[in-house]
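Biologist: I have a structure open and want to learn how to read its features. Please take me through it step by step.

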Amino acid sequence: MDSGISGIISCYNSEAFIANTLDSIFNQTTALSSLIIVDDCSSDATIDAVHRYVTARGLDAGAVSVLPNRINLGISMSYNLGIMACRTRYAMLFSHDDISHPDRVKSTLNAFAEGAAIVCSYMDVPASGQKITLPEMPSLVALGLALGNVIPAPTVSLDVDIARQNKLYFNPQNDYAEDYDLWCQYILRGYSFHVVPEFLVAYTLHDQQASVTRQAHQKLVAERVRLQYLRSLFPFLQPEQSEVLVRILLYEKHMLGHISKSFNEAILNGMEKQSVAPGVQSVYGYVRQMLTSPVSAPVTVQ
């Protein structure tokens, strides 16, 4: 397997956005080894737009592979097909409508060189002025996922070997929150997110996004994923108790000294009895440290 990095895009009716996205991909300071575009039965001219772009840029025949689905499979299976078709050690996931910073590939490869299994970064939303950041400490990222999807999906890249060996693929049953589910599975299988503290992706807002057209369904699926993750992370607590614990650890550290002795002991004893993967063990280590050495002043975690 090539030690480089390939890009994967799942497309559906992307004609209006794909050229700008491709510009940002092919203007990287460090080039991708290849780009795999999986078209999920677009009803517009997405594939024609890709072919026109490749011809206009004079790209090599092997630089871009277009895989058209015969039937509409959904975003999860489309990304999975791209990962399965990957012939490089690493894969960078692109949204069909977002813009990558010129150093995204370079910064991501640097993270993989440090031994990362899965990489993400900060993301900005130019249309709203929003800046999405997250803590660099892996245990805080893992805890943050217990409250919601804190990982900006368009910034993620992964080690293909690790994904294949551990069958870490997107679950079609969780479409529209498939990314959130997969990030939780990485933590529960023992892997941590490497956060690149740079704004490497600009998110494009428009009214055709799933977060707009499928908002209600997306919330339902995401809540199901969140509760399953909470139960897996702290199986010895009720979900409501786990959520309170996580909120205190992330946002209300000044309340640690007010946790009852019995609840404190229940958490410590529960963690001690669990046989968990290294990624979860690091979370437990952080929780244990906080509960046994509570701080007296609030600390804000972005």
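Biologist: Which residues does F234 touch, leaving out those up to four places away in sequence?

Modeller: Contact means heavy atoms within 4.5 Å. By that rule, F234 touches L143, S242, L245, V246, Y284 and V287. Keep in mind that this is a predicted model: local features need pLDDT of at least 70, side-chain atom pairs count only at pLDDT 80 or more, and totals for chains, interfaces and linings use all residues. Residues are numbered from 1 along each chain as its sequence is written, and side-chain values use heavy atoms, with hydrogens and water left out.

Biologist: Which residues touch the most other members in the largest nonpolar core?

Modeller: General idea: in soluble globular proteins, nonpolar side chains tend to be buried together. A nonpolar core is a set of buried Ala, Val, Leu, Ile, Met, Phe, Trp, Tyr and Cys residues joined through side-chain atoms within 4.5 Å. Buried means under 20% relative accessible area, exposed over 50%, and partly exposed in between (1.4 Å probe, protein chains only). Here the largest core has 61 residues, and I151, L158, W183, F234 and V287 touch the most other members. Helix α12 (residues 278-292) gives the most to this core, with seven residues. Helices (H or I, at least four residues) and strands (E, at least two) are DSSP runs, numbered from the N terminus. Another core, of 25 residues, lies apart from that one; C11, L22, V50 and V196 are among its members.

Biologist: Is V156 buried or exposed?

Modeller: V156 counts as buried because its relative accessibility is 0%. It sits in the loop between α5 (138-144) and β8 (157-159). Leave aside neighbours within four places in sequence, and V156 is in contact with M92, L93, R104, I118, V119, C120, I151 and W183. Compare sequence and space too: V156 and V195 are 39 residues apart in sequence and 9.5 Å apart in space, C-alpha to C-alpha.

Biologist: At what angle do the axes of α9 and α10 cross?

Modeller: Two packed helices are described by the angle between their axes and the distance between the axes. Axes are lines fitted to C-alpha atoms, for helices over the stretch in contact, and angles run from 0 to 180 degrees between N-to-C directions. The axes of α9 (residues 215-233) and α10 (residues 239-251) come within 9 Å and cross at roughly 85 degrees. So α9 is roughly perpendicular to α10. Angles of 65 to 115 degrees count as roughly perpendicular, under 35 as roughly parallel, over 145 as roughly antiparallel and the rest as oblique. From α9, the contact uses R226, L227, L230 and R231; from α10, it uses P239, S242 and E243.

Biologist: Which non-glycine residue has a positive phi of about 50 degrees?

Modeller: That is N13. N13 is in the loop between β1 (2-11) and α1 (18-26). N13 is buried, at 18% relative accessible area. Y176 is another case, with phi near 85 degrees. Y176 counts as partly exposed because its relative accessibility is 26%.
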